[in-house]
Amino acid sequence: MDFEVLSAAIQKGKVKDVKSIVNQALEENVPVRDILEQGLIAPMGIVGENFSANKIFVPEMLMSARAMSAGVKIIEPLFSESGIEPIGTVVIGTVKGDLHDIGKNLVAMMMRGAGLTVYDIGIDVPDEKFVEKAEEVHADIVALSALLTTTMPAISDVIKEFERQGVRDKYHIMIGGAPVTQAFADEIHADSYTSDAASAAEYAKEYLTKKKAS
Amino acid sequence: MTPKQFTSLAYDTVDDFLYGVCPNPVTCKNGMVIGGGIIYPEINFTLPAMEATETTLPKAKDIYKEIIEGVLDKALHLHTPGIVVEFETLPQYTEHPEWGIEIFKILRSTMYEYEEKHGLKSVFRMTPNDLREMNRPPIMRSGAYWESMLKIFTETAREGADFLSIESTGGKEINDEAIVNADLRTSIFALGCLGARDMKWLWSNISKIAEETGSIAAGDSACGFANTSMVLAEQGFLPKVYAAVMRAVAAPRALVAIENGAVGPSKDCAYENVYLKAITGTPIALEGKSAACAHFSPIGNIALSVADTWSNESVQQVKLLSGFAPVVSMEQLIYDCRLLNKATEKGHARLMRDLLVESDCYLDPQAYIMKPDVVFEISEEIVKEQSPFLRTLHTAIKALDILDRAVENKELIIDEREENWLEMLREQVEEIPEDEEEFISEMKDELSGKRYLPEEYGI
């Protein structure tokens, strides 16, 4: 199994090639964990680095992410028998009263590209819906987005809803959006703030990796 | 109303394509003329971080009162010949039109008071939100959100709003996903097929309100399309050449508003306004360096080069060292306009325009696409056709031709990672058939089960 070939296919966003190589690897009895870690996640790391170094744009990164997802989908049913656990689960949405979704979508896509399981519950999301979904999917992270100065306070309402339902400590709450700052995050007791989509995905992955190791 | 048709440009020569003046100026009730020789500042503002609810409405009203008095005092102090004030409502104030109308009345009455007592001329641009996208998929032509929009438009027009504007969202539900993929083909469908059909319906309705109330149907903005692309390109997420093409392809959609009753000044954040002005001769609002309080752009100077009102986009009521941010914006806009009006008075308007253009145009494809000669070249391509779809498709091809030529001639320098994208975008556009019905059918198949309702666009 030449992981370089699979890596190149991921980096170029070649969905068909990735599917074919992954199927072939399974036929050759290559361990599922190796396919996942060396063949699929590692090249996405390179794609992420290329994006951070301003060598490629988001559409190219999304093509790679789609190719990676196609590969993951093939091996996913074999995860439990291979002892593979997902890195972590994120519930993401734009808070009540706010219709902006592009920034939130970018964060979701980049988190998926980093190997996280992401549930995107949309825009204009009521406070209780965040809690409901986080409980349902046993999320690790809840990511909240707002783009307006007048919807930013709704982020705080979501956190209060988690407190009201007595489940605040179960989740790491990340926040972001154009008017949001670290000071605001501190003020409303969010667990973390990141300033853009790439750093949000990077932070989430680091946090979950550390959490798993602890 | 029979839609207007545009088959040629409004100008004989690009030399006459200047700021502050246009072939079809707009005269307001108080005598202010937009596009009649003077460029006016246009101020916009919003609340600081706070919720917009019924409970906070009294506080919001106090803040808006404080803002309007602040900016009018500044305008008076700096001997401004006149200003435009835009009230772009928060979604909650359109959803509950009675709240928005209360705030409108505070702003409008204060402006009347300053005009009466101090002779400060001002006109009011009312911009409700396009709430129709609150339904997912959006319901475009009926329902509670549409009714709220109609109510706030009608009531404020009746109560003294001079200009009616909106940043409409027809097709945006499809375009949002297309943007992050730099999917120009889907964007052409969103703008040229869905957006254009919605604009015709929407602006026929707004123009009817304007006619009945004596207000002015001013114009729209493809903010959620071209500006989103620009902001994402500024962040390094999307190729700048893609954002430049998106700017040009937003123009045919914008033209539909003018064909269906709008007369200008079109909305400030619509940089595609430059093509509108070239084709229709109507006045336009624009924003650039003085809107950095709201968003960054690579077109800070060139955007001012043919503007008729000059805006700050929006700024929240927060305290800076000198004073509150809207007052700071007011001062900046006034000085920008004062300089340009002085240049006109001294006979140097063309020189001033060219300085504004040339200081930006070779540094970024999004600026290059706004060069007056390029604007004319693209506008001439637009008026060759009457179908918004064909206009949009041909504009994309023309914009790509122009950018290719500029790069080849080394007139425009683009990043290495941008270079492949000109070819990739052209490949996307070349897949689009010239037959609109065939294209719609293709896209309906591709987008089936996705986020829009074809029947809401009459297709």
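In which sense do E8(B) and strand E9 of chain B pair, and over how many bridges? They pair in the parallel sense over three bridges; E9 covers residues 309-311. Two strands pair if DSSP finds at least two bridges between them. Strands are DSSP runs of E, at least two residues, and helices are runs of H or I, at least four, numbered from the N terminus.

Some ground rules. This is a predicted model, where local features need pLDDT of at least 70 and side-chain atom pairs pLDDT 80 or more, while totals for chains, interfaces and linings use all residues. Residues are numbered from 1 along each chain, chains are lettered from A and ligands numbered from 1 as written, and side-chain values use heavy atoms, without hydrogens or water.

Back to chain B. One bridge partner pair is B:Glu287 with B:Ser311 in E9(B). The open sheet has seven strands, in the order E7-E6-E5-E4-E3-E9-E8, with parallel pairing. At its edges are E7 (216-219) and E8 (285-287), each pairing on one side only.

Now chain A. H4 (residues 58-75) packs on H5 at about 45°, axes 9 Å apart. Axes are lines fitted to C-alpha atoms, for helices over the stretch in contact, and angles run from 0 to 180 degrees between N-to-C directions.

Last, A:Val107, in helix H5 (residues 102-113) of chain A. A:Val107 is buried, at 14% relative accessible area; buried means under 20%, exposed over 50%, partly exposed in between, with a 1.4 Å probe and protein chains only. Beyond neighbours within four places in sequence, A:Val107 contacts A:Ile92, A:Ala197 and A:Ala200, contact meaning heavy atoms within 4.5 Å.
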